[in-house]
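I opened a new page for this protein. My plan was to go from the whole chain to single side chains and write down what I looked up.

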Amino acid sequence: MRYLFYFLRKQYFYFLFLFLEILSLLILFNFNTYQNSEINHFTNNVSGSLLSVSSSISDYFSLRQKNRMLSEDNARLHSRLPIAFYKADTNTFYYHDTIYRMEYRYITAKVLSNTTQKRNNFLMLNKGSELGIENHMGVIIGNRIVGQVVSVTEHFSWVMSVLNKDSRISGKFKKNNQLVNIEWNGGSYRVGDVKEIPKHVEIKVGDTIITSGNSDIFPEGLLIGTIKEFTIASDENFNKATLLFSTDFNSLSYVEVIIDLMRKEKEKLKGSFNSN
């Protein structure tokens with residue numbers, strides 16, 4: 001304490017100068033309109049900039065949570081769309097009745113790993129059999145396809161991407177329901193191949209290809225992509241086309257796994273037919 005008093009007594013001229021300087025500035029800004037407005041403008045700009053930076057930092061660190069929340073909202077909305085329901089009677093429509101029965105449920109999952117540059121690409125998800133996920137379930141993002149589950153543990157799923165030599169998607173032209181097959185032969189992750197296009201089908205650049213619903217993997221009507229270019233083969237039975245995928249496979253963060261609630265019933269029916 002003695003040293004503190006000694007220091008203050010020795011340096012009191014500096015403290016007195018600082019005090020008088022602050023006092024004069026307060027008098028200047030409080031009793032002069034122009035200076036007062038200038039200092040207010042300056043402090044507002046500084047505080048606004050600091051708040052903007054703080055908000056940007058906060059928004060950056062909350063992006064993961066926002067992405068997860070958006071994916072969960074999408075899953076809930078998908079479960080309410082007509083595509084998620086099976087209509088038992090085509091002549092009547094009742095809500096909260098047995099005529100419309102839910103056929104699909106959607107589970108949001110985070111992408112833990114993902115490749116796009118290999119010949120056979122896969123994803124790992126942070127949800128597994130604990131939540132009802134099984135092999136051969138479709139994986140989507142929004143209304144666009146991603147791939148199908150090929151292996152499951154209790155807490156994780158291994159997904160074969162559409163970008164895989166073993167992937168073969170049953171699709172159709174949205175404009176006329178003509179069936180085609182979609183494959184990926186390597187190269188760019190943005191482009192795939194449309195095969196087995198019937199010769200009589202008129203092809204145009206920009207034609208939309210959607211899922212046919214003929215497989216047990218994806219419901220009907222999900223986006224696969226649009227025709228980028230096509231080839232008319234005079235010496236073959238089918239034409240071919242190049243497709244621009246609707247899904248950006250290189251930016252996947254959260255996806256949805258499709259749970260077919262009537263899958264076991266369908267498999268039972270197929271099994272009984274095959275056993276005869």
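How many residues does the protein have, and what percentage of them count as buried? I found 276 residues, of which 32% count as buried. I note here that the model is predicted.

**Entry 1: the whole chain.** I looked up the secondary structure and found 5 helices and 14 strands. I then turned to contacts between residues at least 6 apart in sequence, and 57% of these join residues at least 24 apart. For the surface, I noted that the protein exposes about 17,800 Å². Carbon and sulfur atoms supply 57% of that area.

**Entry 2: the core.** Which residues touch the most other members of the largest nonpolar core? I found Ile182 and Phe245, in a core of 43 residues. Strand β3, residues 104-114, gives the most to this core, with 5 residues. I then listed the contacts of isoleucine 182, leaving aside neighbours within four places in sequence. Among them are Ile169, Val194, Ile209, Ile224 and Leu243, and Phe245 is on the list too. The list also includes Ser167, Arg168 and Asp193.

**Entry 3: aromatic pairs.** Phenylalanine 122 and tryptophan 158 form a stacked pair, with 5.4 Å centre to centre and 15 degrees between the planes. This pair links distant parts of the chain, 36 residues apart. Phenylalanine 122 lies in strand β4 (residues 122-125), and tryptophan 158 in strand β7 (residues 157-161).

Phenylalanine 245 and phenylalanine 249 form an edge-to-face pair, with 5.4 Å centre to centre and 85 degrees between the planes. I checked their cover and found that phenylalanine 245 is buried, as is phenylalanine 249. Phenylalanine 245 was already in my notes as one of the two core residues that touch the most other members.

**Entry 4: a patch on the surface.** I looked up nonpolar side chains on the outside and found a patch formed by Val205, Phe230 and Ile232. Together they have about 290 Å² of accessible area. Where is valine 205 found? I placed valine 205 in the loop between β10 (191-198) and β11 (208-211). Why does valine 205 count as exposed? Valine 205 has a relative accessible area of 58%, and exposed means over 50%.

Key: Residues are numbered from 1 along each chain as its sequence is written. This is a predicted model: local features need pLDDT of at least 70, side-chain atom pairs count only at pLDDT 80 or more; totals for chains, interfaces and linings use all residues. Side-chain values use heavy atoms; hydrogens and water are left out. Patches are made of residues with over 30% relative accessible area and no salt bridge: like charges are joined within 9 Å, nonpolar side chains (Val, Leu, Ile, Met, Phe, Trp, Tyr) within 5 Å. Accessible areas come from the Shrake-Rupley method with a 1.4 Å probe; for residues, only the protein chains shown count as cover. A salt bridge is a side-chain nitrogen of Lys or Arg within 4 Å of a carboxyl oxygen of Asp or Glu. Helices (H or I, at least four residues) and strands (E, at least two) are DSSP runs, numbered from the N terminus. Buried means under 20% relative accessible area, exposed over 50%, partly exposed in between (1.4 Å probe, protein chains only). Contact means heavy atoms within 4.5 Å. A nonpolar core is a set of buried Ala, Val, Leu, Ile, Met, Phe, Trp, Tyr and Cys residues joined through side-chain atoms within 4.5 Å. Rings of Phe, Tyr and Trp (its six-membered ring) pair if their centres lie within 6.5 Å; planes under 30 degrees apart count as stacked, over 60 as edge-to-face and the rest as tilted.
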